[in-house]
Amino acid sequence: MKTDTVKKWTLQFPISLALEGEDCFKHMADMGIQRSLFCNGIYSPYRLVLPRHPQKAIYSLEEGRYYHKPIPAKYSGLPLSPTPSQDFDGRDLLAESVAGAKKAGISPGIWLTLFANGSIAKQHPEWAVMNLYDSRDRLFLCFNNPEVREYSIRLGEEVVGNYDVDEVMLDKIPQTCLELNAFAGRIDPVMRTLGSFCFCPHCVAAAKKEGIDLLALKAQALKLSNAALKIPPYVTMSQAAELTGDAEIPLLLLDNPWILQVLKFRIDSIRSFLGQLKARLPRKEVPITLCFVPIAKIGHDSSSPRAWLAAQSYECYRDSAAEMIHSVVHWDADSVEYNTMRAMNAVEGSSLKVVTHVKAYGTTRPADIAGLSAAVKRAGADGIAYFCYDLMTNEIMDAIAKAGR
Ligand SMILES: [Zn+2]
């Protein structure tokens, strides 16, 4: 199915497919879902509580493992190949997803996480982001490391070449940013901003090609970050409600325009990666799409990501190899409408499409689904995605089936 004609998406973790088999796609079809994005690996061991599955109600996702059958030879010359799931008796859940979805008349897509992998970052720290203090990250991988890029491209080649998916949605691309709070509490926004950048030798080399002396900028970053370090933590903590980065950082950028240069360099690095990936995909007709946090609201995951810090400018990908942005707005209907309208404004006049993801779990009540769906429609998005199939109650599923009719 062509992506242009898809209006209603859902996303699925492997656990519900493993438990329900083909039945899950019948349920999706009953909800009017046209495309299912199958999660082929998640970066952190999120713990899920599955409302419809009393036989397996608590399940932790496997960190950094994959649900297709990786072919190790495909990764020759690299220090590692994808580690398959240990949980499902060797089943190829991606193959099951593609076959099951097609049988039910649903278009299969894949949700592929590239530059965040807790398992790889811990076992191969040389692939991880290295901050201004030369500390390696335990989650994010450096998107300028040639081996990380090659691994990611071969992963894309493998899943698009061997599985009949209609879309590749890239997640954590890049969203390399420090979390809002460290163990002791709020990270000073200046430190959070500068601490989110990678200063590894691969980034230094890539920046040099763009005429940027990243090592010189690292020295300036250290100076600013260490000045922030002198502020007593309890003083910073007392201001935590205001110190989110959104009020303080514009002045920092004005006073230190080189920081903006680094933010732009990160986006350019991703744009060049997308071009490389697109060129090597075995089926050129398969669209690359991007999973982004909202333009204005914080991202919902544990790092509370912000679009501006996560190198996720919507405008900057207008003329990239990506065809669509999945804007993940797991907030109320007004946030959904506001952030979707801002996203539509950012891509106006380009061919880039926007799909808004709404929260169909947790605090969302069945009665909220109609309002969330209407907000996305009013804002003019090209489609809506209900996140996620695994966490929906039967009542939520009924509400989704009725939404938009
Ligand atoms: Zn780097």
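Q: Which residues line the second largest cavity?
A: This is a predicted model, in which local features need pLDDT of at least 70, side-chain atom pairs count only at pLDDT 80 or more, and totals for chains, interfaces and linings use all residues. Residues are numbered from 1 along each chain as its sequence is written, and side-chain values use heavy atoms, with hydrogens and water left out. A cavity is a set of points, on a 1 Å grid over the protein atoms alone, where a 1.4 Å probe fits but cannot get out, and lining residues have an atom within 4 Å of a point. The lining consists of Asn 40, Gly 41, Ile 42, Tyr 43, Gly 64, Arg 65, Tyr 66, Leu 112, Thr 113, Ala 116 and Asn 117.

Q: Which helix gives the most to the lining of the largest cavity?
A: Val 262, Phe 265 and Arg 266 are among the residues that line the largest cavity. Helices are DSSP runs (H or I, at least four residues) numbered from the N terminus, as are strands (E, at least two). The helix that gives the most to this lining, with three residues, is H11 (residues 257-280).

Q: Which residue in E11 stands opposite Leu 170?
A: Two strands pair if DSSP finds at least two bridges between them, and three bridges join strand E8 (residues 168-171) to strand E11 (residues 288-292). Both strands belong to the eight that close into a barrel with parallel pairing. Opposite Leu 170 stands Leu 290.

Key
1 Å grid on protein atoms, 1.4 Å probe; cavity = no way out; pocket = protein on both sides within 12 Å on 5 of 7 lines; lining within 4 Å.
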